[in-house]
Amino acid sequence: MFARRTVARVVAQPSLLAAPSNARNMATLREIELRLKSVRNIEKITKSMKMIASTKLAKAQRAMQAGKLYGEANAEVFETAKEGATGSKKLFLVISSDKGLCGGIHSSVTKATRRAFNNAPDSPLPGVSVEPDSPVMVIGDKSKAQISRVYPNNLRLTFNQIGRDVPTFADAASVADLVVKSGVEYDSVVIIYNSFVSAISYEAAAMEVKGEKALKESEGFKKYEMEDDFTKDLAEFSLANALYSALTEAHSCEISARRNAMDNASKNAGDMIGSLTMQYNRGRQAAITNELVDIITGASAL
Amino acid sequence: MASLRLATSAARRVPSLFHATRRGYAEASDKIQLSMALPHQSIFSSTDVVQVNVCAATGDMGILANHVPSVEPLRPGVVEVIESAGGSKKWFISGGFATVHPNNKLTINAVEAAPLEDFSVESIRTNLQEALRVASGNGTEEDKLEARIEAEVYESLQHALGSK
């Protein structure tokens with residue numbers, strides 16, 4: 001009697017759970033299959049994005065190197081004319097872009113702007129106090145969204161559709177033109193951009209370009225002879241040059257960050273595919289084993 | 001501090017000779033450090049050269065070592081760089097700024113530049129006709145002004161190529 005009861009119980013349990021657990025396994029098996037398919041698609045997408053970013057990176061880096069040399073030649077004047085009016089009104093020009101999926105590029109410049117405004121010790125403008133009502137102009141929709149949440153009253157102008165391809169001098173010149181024509185008063189423009197440290201790292205940096213008035217008041221600038229007063233032209237041209245240099249470097253940083261982000265995403269997707277496949281196979285084998293157990297116990301009960 | 005200026009404008013400044021000149025016009029043994037950069041290419045990067053002739057807006061000028069610090073806007077024209085005695089290269093630039101710094105450095109930022117050999121006389125002539133046509137046409141004032149500037153650049157190019 002004991003044997004019969006235990007046998008009955010042993011038989012009963014699997015059969016009680018067999019149908020629902022089989023059903024549950026089938027349901028989860030289907031779910032796992034769907035997830036596997038979608039993760040495989042995502043992996044293909046991120047892999048191809050990484051490929052595209054790698055090919056774009058070579059061109060962007062070449063442009064960045066030329067742009068940096070151009071910017072260094074341009075900055076020589078400001079090296080000599082370094083001493084200038086302190087407590088000057090600074091116009092912040094934040095460089096980012098419209099596209100995402102590039103890691104922390106956009107938040108990096110936004111955070112740097114915040115640190116500058118808060119006069120934090122790790123501000124990109126060390127030791128310079130920034131007035132809370134300093135005007136801010138943003139290039140790129142992603143940073144515009146972030147900054148308009150933090151400093152909505154400081155925003156004056158925003159630019160977009162820049163950064164889709166390698167920036168040209170025409171882009172920089174038109175932005176500089178609009179900045180000057182906007183009528184916003186400033187003594188110097190502080191360009192906040194991401195500077196290229198290496199292929200896997202970047203950091204936010206600031207470039208200061210003195211405006212016409214600040215240049216004239218600077219002691220170092222007075223050493224330069226000019227037949228007529230070209231200071232205004234020089235200030236505008238230098239702004240375009242510095243902007244070009246910063247734009248190319250920021251573009252290069254963005255592409256390399258996107259490449260790294262997509263690389264990590266592909267690796268993660270690959271890991272997920274591995275673990276999901278294991279889960280799927282285990283589930284499949286468990287379902288088969290359960291069916292076998294049913295059949296065998298059913299057969300042995302006869 | 002000696003500077004050689006061949007100016008086309010009548011109003012001239014007297015070059016100041018009150019600095020302790022250590023050398024005369026003939027000795028060009030010192031070199032000036034030239035950095036000539038375009039947005040997409042760097043032609044010279046801190047290279048020592050003997051003399052640079054630039055087409056400043058106020059007139060053509062030659063810049064030797066230890067030139068007085070000055071800022072010169074450049075008009076569309078020819079920039080000639082003499083690297084060592086005898087060798088010189090010419091570029092046509094679209095415009096920019098040339099700055100001589102107090103530490104014997106010269107930086108030229110130009111938007112576009114190309115060696116004179118790379119220009120085709122035919123294309124210049126056709127484009128000049130086109131620009132003159134637009135300049136005297138009936139477009140907006142801005143278009144006509146742009147076309148006039150374009151025509152000036154082409155004329156300057158023709159002059160540069162003609163007197164190569």
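The legends below describe close-up views of a predicted model.

**View 1. The two domains of chain B.** The domain assignment divides chain B into domain 1 (32-117) and domain 2 (119-162). Taken over C-alpha atoms, the centres of domain 1 of chain B and domain 2 of chain B lie 25 Å apart. Eight residues of domain 1 of chain B and six residues of domain 2 of chain B make up the contact.

**View 2. Buried area between the domains of chain B.** Domain 1 of chain B and domain 2 of chain B together bury about 560 Å², with 72% of it on carbon and sulfur atoms. On the domain 1 side, the most area is lost by P76(B), F92(B) and L116(B), which together account for 73% of what that side buries. Between these domains there are zero salt bridges, but three residue pairs are in polar contact. β7 (77-84) and β11 (113-115) of chain B each give at least two residues to the domain 1 side, and that side has six nonpolar, one polar and one charged residues.

**View 3. The interface of chain B and chain A.** This contact involves 28 residues from chain B and 22 residues from chain A. About 2,200 Å² is buried between the two chains, 66% of it on carbon and sulfur atoms.

View 4. By class, the chain B side divides into 12 nonpolar, 12 polar and four charged residues.

Note on methods: Residues are numbered from 1 along each chain as its sequence is written. Chains are lettered from A and ligands numbered from 1 in the order in which they are written. This is a predicted model: local features need pLDDT of at least 70, side-chain atom pairs count only at pLDDT 80 or more; totals for chains, interfaces and linings use all residues. Side-chain values use heavy atoms; hydrogens and water are left out. Domain bounds come from an automatic or database domain assignment. Contact means heavy atoms within 4.5 Å. Buried area is the accessible area (1.4 Å probe) that two parts lose on being put together, summed over both. A salt bridge is a side-chain nitrogen of Lys or Arg within 4 Å of a carboxyl oxygen of Asp or Glu. A polar contact is a pair of N or O atoms within 3.5 Å; within protein, one must be able to donate a hydrogen and the other to accept it, and residues adjacent in sequence count only if both atoms are side-chain atoms. Helices (H or I, at least four residues) and strands (E, at least two) are DSSP runs, numbered from the N terminus. Ala, Val, Leu, Ile, Met, Phe, Trp, Tyr, Cys and Pro count as nonpolar, Asp, Glu, Lys and Arg as charged, and the others, Gly among them, as polar.
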